[in-house]
Amino acid sequence: MEYLRASEASQIYSSTVQLVQNNSDIAQIDSNLLKLKRFLVLNSFLDPSNIPDTNTLTLCREILELGAEYTIAAGNMDAFEDYINKLSAFYFSPNETVSAESPKKHYFMGLHLMQLLTQSRITDFHLALEQLDTDDIRNNAYLLQPIEFEQAMTEGNYKKIIKALHALDPNSIAYKLVATLSLTIRKEIASFASSLYASLPVNDAKALLFCASVDELLALAAEFGWSVSADADGSGNGNGGRIVFNGSSSDDALDFDPTLVIEQNLVFARELERIV
């Protein structure tokens with residue numbers, strides 16, 4: 001198998017950066033990333049202690065960061081996590097030369113923390129936090145948001161996550177992750193609501209599930225197989241309609257208790273309608 005020299009790998013890396021930025025020629029991007037992975041593996045450069053100089057060290061780290069960026073943008077969470085695991089050897093090495101701060105370290109670790117939340121891996125979330133510097137955890141914006149989200153989930157304050165979603169750029173990776181997290185939360189709340197209540201007024205159900213409109217609520221009701229009583233289709237004022245739960249269960253159980261939000265959101269239903 002042909003070995004790439006560092007100079008050749010650098011050229012492939014630069015061309016791949018342009019392809020990723022332009023979102024063009026996916027097949028070529030995949031082919032280039034495979035070549036770059038082989039460069040790292042065949043030279044044993046996944047272990048930073050084997051890298052002979054700082055320029056090559058930076059190249060190897062940037063190759064992994066490019067792979068992480070590309071895979072999470074594509075929604076390939078398994079591949080993204082594999083890249084993050086490899087980057088950990090560079091980000092958290094006891095060798096100060098190796099662990100010199102990457103400008104993208106906190107960005108990627110923040111995305112990783114968010115990814116763990118979307119998968120309800122709360123234990124792994126806290127293990128990842130233990131790797132990070134305390135001052136960074138307190139002050140870095142990329143890290144603060146997933147930490148605040150985890151706290152909000154623990155407290156049942158899910159409206160904080162929904163509000164944050166509306167403040168993000170819809171084209172950003174962070175938006176996609178927060179949207180996934182909010183959908184997971186809504187599904188879990190819906191599952192618990194159907195086990196606690198026989199039915200709910202449309203306006204209460206709409207606020208409880210953070211739906212921006214009656215149509216959005218009806219789409220969710222259809223997904224869960226719930227019945228909808230008269231006047232819930234928006235033809236009138238909606239106040240007379242009810243969502244009738246038929247009992248459902250979630251396949252993506254979370255490591256927190258959604259019952260915390262049920263009572264809270266019903267009490268503040270009208271407030272949430274204004275927020276969402």
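Author: Let's begin with Arg186, which is buried at a relative accessible area of 12% (buried means under 20% relative accessible area, exposed over 50%, partly exposed in between, using a 1.4 Å probe and protein chains only). This is a predicted model, where local features need pLDDT of at least 70, side-chain atom pairs count only at pLDDT 80 or more, and totals for chains, interfaces and linings use all residues. Residues are numbered from 1 along each chain as its sequence is written, and side-chain values use heavy atoms, leaving out hydrogens and water.

Reader: Ok, which residue does Arg186 form a salt bridge with?
Author: Glu216, and the closest N and O atoms are 2.8 Å apart. A salt bridge here is a side-chain nitrogen of Lys or Arg within 4 Å of a carboxyl oxygen of Asp or Glu.

Reader: How many salt bridges does the structure hold?
Author: Six. One of them joins the side chains of Asp82 and Lys86, at 2.9 Å from N to O. Both residues lie in helix α4 (residues 77-91), four residues apart, which is about one turn of the helix. Asp82 is partly exposed at 33%, and Lys86 is partly exposed too, at 26%.

Reader: What about Asp124, what does its side chain meet?
Author: The side chain of Arg121, in a salt bridge of 2.9 Å from N to O. Asp124 is partly exposed at 31% relative accessibility, and Arg121 is partly exposed at 24%. Salt bridges with shared partners also link Glu81, Arg121 and Asp124 into one network.

Reader: Switching to helix packing. At what angle do α2 and α3 pack?
Author: About 145°, with the axes of helix α2 (residues 26-42) and α3 11 Å apart. The axes are lines fitted to C-alpha atoms, for helices over the stretch in contact, and angles run from 0 to 180 degrees between N-to-C directions.

Reader: Which residues meet there?
Author: Among them are Ile29, Leu33 and Phe39 in α2, and Leu59, Ile63 and Tyr70 in α3; contact means heavy atoms within 4.5 Å. By class, this contact has 12 nonpolar, one polar and one charged residues. Ala, Val, Leu, Ile, Met, Phe, Trp, Tyr, Cys and Pro count as nonpolar, Asp, Glu, Lys and Arg as charged, and the others, Gly among them, as polar.

Reader: And how do α3 and α5 pack?
Author: Helix α3 (residues 54-73) and helix α5 (residues 105-118) pack at about 35°, with their axes 11 Å apart. Glu65, Ala68, Glu69 and Ile72 in α3 meet Lys105, Tyr107, Phe108 and Leu111 in α5. That contact divides into five nonpolar, no polar and three charged residues.

Reader: Last one, how many helices and strands are in the chain?
Author: The protein chain has 14 helices and three strands. Buried residues make up 44% of its 276 residues.

Notes. Helix = DSSP H or I, 4+ residues; strand = E, 2+ residues; numbered from the N terminus.
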